[in-house]
Amino acid sequence: MVVVTGQNKASGNLDDAMSSSDAEDDFQDPATPTATQAGHSLPPLPQQFPEVVPLNVGGMYFATRLSTLRRYEDTMLAAMFSGRHYIPTDAQGRYFIDRDGTYFGDILNFLRSGDLPPRERVRSVYKEAQYYSIGPLLDNLEEVQPLKGEKVRQAFLGLMPYYKEHLERIIEIAKLRAMQRKARFAKLKICVFKEEMPITPYECPLFNSLRFERSESETKLFEHHCEVDVSFGPWEAVADVYDLLHCIVTDLSDKGITVDHQCIGVCDKHLINHYYCKRPIYEFKITWW
């Protein structure tokens, strides 16, 4: 005969209760998130700006109306101060823009009254206008010097095959040549020619007719590569060799390259019959320090 005591019953009941509790725990609904937890998932409220906005642009301080910053809606400044984006503030409560503020005053002057910067600041302000995506300012700057002239210059340089690549080749050759010789400077031979067809002096008056009368097979007889480091040309435009030389020197200088050049003669390679190359050869001296 088996006797079941009350203690065992109680124990059994307790075990059953615990098992039931565990089972219920397994099927409980997820706990409601706390206010702190919910705060992380909720989107921040739109940022509010005062009517007069204090600004800290890279450590330079400005103040302007909110409407000025929002003048052109498709710009970065209008988007930044639309309230849709969070903008940090400095210790004094100024809204901080992590950008060099040297030319930001010129940006504000255009947004306020349409004023353009003086000529010596045009290129720099243009870069800032690109950064802030201010289309009307970009359009206005492109119509004043020196950017207007640059558009004309680039139209001419667009006729030059591999112009930018040739500039990089000049720099690379000059660097390697100077390093190999442990020298302060390096010299290169550069050919700059406008016309493809070589001519002799007595053919000048008939050049146009001669040019078009030559067959394709005859034209190939005149094709050759001058013994130089880099060649520019040919091209069809009013601008001449000296104009292209000016472009080359200017663009190298813009890259921080110190360059001097002089004509040292022409290519005297004999081609056929009484035809010689006669393309002008220039010596470029690149000084590194």
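Predicted model: local features only at pLDDT ≥ 70, side-chain atom pairs only at ≥ 80, totals over all residues.
View 1. Strand β2 (residues 60-65) is the place of Thr64; strands (E, at least two residues) and helices (H or I, at least four) are DSSP runs numbered from the N terminus. Because its relative accessible area is 5%, Thr64 counts as buried; buried means under 20%, exposed over 50% and partly exposed in between, with a 1.4 Å probe and protein chains only.

Local features need pLDDT of at least 70 and side-chain atom pairs count only at pLDDT 80 or more, whereas totals for chains, interfaces and linings use all residues. Residues are numbered from 1 along each chain as its sequence is written, and side-chain values use heavy atoms, with hydrogens and water left out.

**View 2. Met76 and Tyr132.** The C-alpha atoms of Met76 and Tyr132 are separated by 5.0 Å, although the two are 56 residues apart along the chain. Met76 lies in helix α4 and is partly exposed, with a relative accessible area of 27%. Leaving aside neighbours within four places in sequence, Met76 is in contact with Tyr131, Tyr132 and Ser133.

**View 3. Glu128 in helix α6.** Glu128 belongs to helix α6 (residues 122-131). With a relative accessible area of 10%, Glu128 is buried. Not counting residues up to four places away in sequence, Glu128 touches Arg99, Asp100, Tyr103 and Ile107.

View 4. The whole structure holds 9 aromatic pairs; rings of Phe, Tyr and Trp (its six-membered ring) pair if their centres lie within 6.5 Å, and planes under 30 degrees apart count as stacked, over 60 as edge-to-face and the rest as tilted. Tyr72 and Phe110 form a stacked pair, 6.2 Å centre to centre with 20° between the planes. Tyr72 lies in the loop between α3 (66-69) and α4 (76-80) and Phe110 in helix α5 (residues 104-113), so the pair ties together parts that are 38 residues apart in sequence. Tyr72 is partly exposed, at 29% relative accessibility, whereas Phe110 is buried, at 5%. Phe62, Phe104, Tyr131 and Tyr132 form one aromatic cluster. Arg94 lies over the face of Tyr61, at 3.7 Å from the ring centre, and Lys285 over the face of Phe185, at 4.4 Å. A charge sits over a ring if NZ of Lys or CZ of Arg is within 6 Å of the ring centre and within 35 degrees of the ring normal.

**View 5. The largest nonpolar core.** Of the 30 residues in this core, Val192, Leu244 and Ile248 touch the most other members. A nonpolar core is a set of buried Ala, Val, Leu, Ile, Met, Phe, Trp, Tyr and Cys residues joined through side-chain atoms within 4.5 Å. Two or more residues each come from α8 (147-157), α9 (163-181), β4 (185-192), β5 (230-232), α12 (241-254) and β9 (280-287). Ile248 touches Tyr163, Leu167, Ile170, Val192, Phe232 and Phe284, not counting residues up to four places away in sequence. Apart from this core lies another, of 28 residues, including Leu66, Leu77, Ile107 and Tyr132.

**View 6. The buried face of helix α8.** Leu147, Glu150, Arg153, Phe156 and Leu157 are the buried residues of α8. Seen down the helix axis, they fall within an arc of 155°, so they line one face of α8; the arc is that of the directions from the axis to the C-beta atoms. These buried residues pack against α6, α7 (135-141), α9 and α12. The face turned away from the buried side of α8 carries the exposed residues Val152 and Ala155.

Key
Contact = heavy atoms within 4.5 Å.
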